[in-house]
Amino acid sequence: MSSCSRVALVTGANKGIGFAIARDLCRQFSGDVVLTARDTARGRAAVQQLQAEGLSPRFHQLDIDDLQSIRALRDFLKKEYGGLNVLVNNAGIAFKRRVVNISSLQGSKALENCSEDLQEKFRCETLTEEDLVDLMKKFVEDTKNEVHEREGWPNSAYGVSKLGVTVLSRILAQRLDEKRKADMILLNACCPGLVKTDMAGAHGSRTVEEGAETPVYLALLPPDATEPHGQLVHDKVIQNW
């Protein structure tokens, strides 16, 4: 491969939403798609499944907890492509000048169930990344000490974690406006819906293909798009939260 080729990298893509996003990018992205997985056998099996559908992904092993594995992938991308155009991981997607963080409407529900004092803090327009980290650390400590409900937190660790993702997306979008406005980077959070994955189990009502629709839509926004930005998006619609 030449360094001028475009490349999309999908981590943890041997199953679930990651696999569906890899499939969509194989169909829609003008360049190579590299699928990664911690388990080489499962990763190669996923690649073979996509190849059987007439698609042409590549595979590279990646364990995000192993620095040597990360460096091996970095060196591979530098040698083969000279860099990276699209990154998709369990936390979100970055597409050149598009950043999409995978969040959930459960975060909005968690916010509604917070005390008025906590709601005011999370909704504060001047909240910094450091402030948010302090809030999330407090939730963890309050939960460990079994005083989280008394301190005004909802009884949902998942909901609070996704609230953090959504609020962080807003903070980072504001920072981009302040420091890199001319780069026209659009950053959003999105909810893929309740998808039939290992985590949701039988409660999931959507297929992984349906869950991938909004993340891929946001990742492939046209180059001249100016919105959405700093928003929470569900079913391609901006949500009030």
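A residue counts as buried when its relative accessible area is under 20%. By that cut-off, strand β1 (residues 7-10) is covered on both faces. The model is predicted.

**Strand β1 and its partners**
- In a regular strand, side chains alternate between the two faces of the sheet.
- Val7 and Leu9 sit on one side of β1, Ala8 and Val10 on the other, and all are buried.
- Strand β2 (residues 32-37) pairs with β1 in the parallel sense, over 4 bridges.
- Within that pairing, Ala8 is opposite Val33 of β2.
- Helix α1 (residues 16-28) carries the chain from β1 to β2, and this β-α-β crossover is right-handed.
- Strand β4 (residues 86-88) also pairs with β1 in the parallel sense, here over 3 bridges.
- Val10 is opposite Val88 of β4.

**Asp142**
- Asp142 belongs to helix α6 (residues 129-144).
- Its relative accessible area is 8%, so Asp142 is buried.
- Leaving out residues up to four places away in sequence, Asp142 touches Val147, His148, Glu151 and Trp153.
- Pro215 is 73 residues from Asp142 along the chain, and their C-alpha atoms are 33 Å apart.

**His234**
- His234 is part of strand β8 (residues 232-234).
- The relative accessible area of His234 is 13%, and therefore His234 counts as buried.
- A polar atom of the His234 side chain lies 3.1 Å from the backbone oxygen of Cys191.
- Cys191 is also among the residues that His234 touches, not counting those up to four places away in sequence.

**Cysteines**
- A disulfide is a covalent bond between the sulfur atoms of two cysteines.
- This structure holds 0 disulfides.
- Cys114 is in no disulfide, and the nearest cysteine sulfur, that of Cys124, is 15 Å away.
- Cys114 is buried because its relative accessibility is 6%.
- Cys190 is in no disulfide either; the nearest cysteine sulfur belongs to Cys191, 7.4 Å away.
- Cys190 has 0% relative accessibility, so Cys190 counts as buried.

**Backbone features**
- Most residues other than glycine have a negative phi, and most peptide bonds are trans.
- Glu227 and Pro228 are joined by a cis peptide bond, with omega about 0 degrees.
- Pro228 is in the loop between α8 (208-219) and β8.
- Met184 is not a glycine, yet its phi is positive, near 55 degrees.
- The loop between α7 (157-179) and β7 (186-191) contains Met184.
- Met184 has 38% relative accessibility and so counts as partly exposed.
- Asp235 is another residue other than glycine with a positive phi, near 50 degrees.
- Asp235 is in the loop between β8 and β9 (237-239).
- At 38% relative accessibility, Asp235 counts as partly exposed.

Methods:
Residues are numbered from 1 along each chain as its sequence is written. This is a predicted model: local features need pLDDT of at least 70, side-chain atom pairs count only at pLDDT 80 or more; totals for chains, interfaces and linings use all residues. Side-chain values use heavy atoms; hydrogens and water are left out. Helices (H or I, at least four residues) and strands (E, at least two) are DSSP runs, numbered from the N terminus. Buried means under 20% relative accessible area, exposed over 50%, partly exposed in between (1.4 Å probe, protein chains only). Contact means heavy atoms within 4.5 Å. A polar contact is a pair of N or O atoms within 3.5 Å; within protein, one must be able to donate a hydrogen and the other to accept it, and residues adjacent in sequence count only if both atoms are side-chain atoms. A disulfide is a pair of cysteine sulfur atoms within 2.5 Å. Two strands pair if DSSP finds at least two bridges between them. A crossover is right-handed if, with the strands pointing away from the viewer, the path from the first strand over the helix to the second runs clockwise.
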